[in-house]
Amino acid sequence: MKYTGEHEWLRAEGDLVVVGITAYATEQLGDIVFVELPEPDTAVSKGDEIVVIESVKAASDILAPLNGTVVEINSALVDDPTLVNSDPLGAGWFFKMKLSDPSELAGLMEEAAYNDLIA
Amino acid sequence: MTELDKTALHDLHIELGAKMVPFAGYSMPVQYPAGVMQEHLHTRRDAGLFDVSHMGQVILRGAKAASELEKLVPVDISGLREGRQRYGFFTDDTGGILDDLMIANRGDHLLVVVNAACKTSDIAHMRKNLACEIDAVQDRSLLALQGPEAENALKKIVPGVEPMKFMDVGTYPSPYGELWISRSGYTGEDGFEISVSNNQATALARALIDQDAVLPIGLGARDSLRLEAGLCLYGNDIDKTTSPVEAGLDWAIQKVRRADGARAGGFPGAEQILHELEHGTKRKRVGLLPEGRAPMRAGTQLFADETSEHSIGNVTSGAFGPSIECPMSMAYLEAGYSAPDTIIFGDVRGKRHPAKVSTMPFTPANFKR
């Protein structure tokens, strides 16, 4: 598992990466009540705002962690956004993407570095 | 940055794990570990305890206190019986709202409760305009106990509150000193607001939350509860630019203060407000139920269709309603679009989403009449 400074996690799955947000992020956001996901087959650049989540407090954007194409989205979140709070690292995943340059994944943070960031 | 004020319950909030935020110059709990959603649902199901000590408690004393206060509010105060409370608002010369407040007749005095952010200006406003004794209560806290289990929880500590009905007020002895209690609140649920001396406030709060039915509730759930109940938040849904008639608060202006009433007018902005009562207003406060799950938050611009560039109104409060399980908003709309079930469109992040005009409250009120 790799992490970004925007509190996203990325897990390699075959030639794709699965992307979600960390438990720390969900604790900061509070109860999530709405998730808007991108269309599958959307080409994205690192830093693009591609997911909108609304919590009981406010709206937030989730950014594309790297360049690539979104190939699959977790439609279950549209009907049950609370999955993000209850299982952020599992059933609460947002989307799967194919990276333009898979080697860029190695440049992201390891768990220890991320834990230092939020400590 | 100026130091934030603390209520008498501050240390208890910290001990309970509250997340504290600045609010109207006070450090206040926005949520406890249960979180906004659970706190909201718990209040509707059982009971919640809120610290509202940041609000202003002000005593008006003197034989003429009621008729004097009528100079500043379009409300029948002289006709308010002893042991009863009533909602009202201070108006300004243009018919806007300076603050909303609760007014209780406690026999030899009136007790008014005003919003935290307005209390300094409200007190100055009253001192300048009213020929009666005006005392800001500094040594008392204010707790709100709300929800269907509120009566059961409070009667264990204060036997005798059971017969109180919605908007009754009274003074009750207790192990925590003399309590000034009203059967009222800001959630749409049955409940009580309890004024207690500062040095007994924490002990009373502990005695309440020690009961299984009672959870401490923060400002986050207070906001979603009041919005589901269709209640205005001063500064969001009403302010100096909104009149009571636009805001749909004309029910709080009794006949005796209206045109042809025995004490018609005589409050700031009377000409404008009485005119609006007779002829209507160009815009009205409404409820909105957005389609789908995306909340339309404060500031969202509203349109008649998906393409029109002419805004017909704007959202003043918006959130997800934990009990109704869908998003809800309060908004001002041009009167022609304000009928229930009218479909209008809100601009959320550059996209027009449909929403249906709805009556309020969004959840049925559960008062003890």
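Me: What makes up the contact between chain A and chain B?

Reply: In this predicted model, the contact takes 9 residues from chain A and 11 residues from chain B. Two residues count as touching if their C-beta atoms, placed from the backbone, lie within 7 Å.

Me: Which strands of chain A supply at least two residues each to the side that touches chain B?

Reply: Strand 4 (32-36) and strand 6 (49-55) of chain A do. The largest share, 3 residues, comes from strand 4 of chain A.

Me: How do the residues on that side of chain A divide into nonpolar, polar and charged?

Reply: There are 4 nonpolar, 1 polar and 4 charged residues on the side of chain A that touches chain B.

Me: Why is chain B called as compact as a globular protein of its length?

Reply: The globule rule is 2.2 Å times the number of residues to the power 0.38. For 369 residues it gives 21 Å, and the radius of gyration of chain B is 21 Å, close to that value, so chain B is as compact as a globular protein of that length. Its C-alpha atoms fill a box of roughly 65 × 50 × 45 Å along the principal axes. Chain B has 8 helices and 19 strands. Among contacts in chain B with a separation of 6 or more, 67% join residues 24 or more positions apart.

Me: What share of chain B is buried?

Reply: Buried residues make up 48% of the 369 residues in chain B. The cut-off is 20 or more other C-beta atoms within 10 Å.

Me: Which residues touch the most other members of the largest nonpolar core?

Reply: They are B:Leu49, B:Ile103, B:Val112, B:Leu143 and B:Leu145, in a core of 115 residues. The largest share of this core, 6 residues, comes from strand 6 (residues 97-105) of chain B. B:Val112 touches B:Val58, B:Leu60, B:Leu101, B:Met102 and B:Ile103, not counting residues up to four places away in sequence. In soluble globular proteins, nonpolar side chains tend to be buried together.

Me: How do you know that strand 10 and strand 11 of chain B pair?

Reply: Pairing needs at least two bridges. Strand 10 (residues 169-172) and strand 11 (residues 179-182) of chain B have 4, in the antiparallel sense. B:Gly170 stands opposite B:Ile181 in strand 11. The two strands form a hairpin with 6 residues between them, and B:Gly177 in the turn has a positive phi of about 85 degrees.

Me: What makes strand 11 and strand 12 of chain B a pair?

Reply: Again, at least two bridges are required. Strand 11 and strand 12 (residues 191-197) of chain B have 3, also in the antiparallel sense. B:Trp180 has B:Ser195 in strand 12 as its bridge partner.

Me: Why is helix 7 of chain B called largely enclosed?

Reply: Of the 10 residues in helix 7 (residues 219-228) of chain B, 8 are buried, so the helix is largely enclosed by the rest of the structure. Among these buried residues are B:Arg222, B:Asp223 and B:Glu228. The cover includes strand 2 (26-31), helix 2 (36-45) and strand 16 (311-321) of chain B. Helix 7 is followed by B:Gly230, whose phi is positive, near 75 degrees.

Note on methods:
Residues are numbered from 1 along each chain as its sequence is written. Chains are lettered from A and ligands numbered from 1 in the order in which they are written. This is a predicted model: local features need pLDDT of at least 70, side-chain atom pairs count only at pLDDT 80 or more; totals for chains, interfaces and linings use all residues. Ala, Val, Leu, Ile, Met, Phe, Trp, Tyr, Cys and Pro count as nonpolar, Asp, Glu, Lys and Arg as charged, and the others, Gly among them, as polar. A residue is buried if 20 or more other C-beta atoms lie within 10 Å of its own, exposed if 12 or fewer, and partly exposed in between; C-beta atoms are placed from the backbone. A nonpolar core is a set of buried Ala, Val, Leu, Ile, Met, Phe, Trp, Tyr and Cys residues joined through C-beta atoms within 7 Å.
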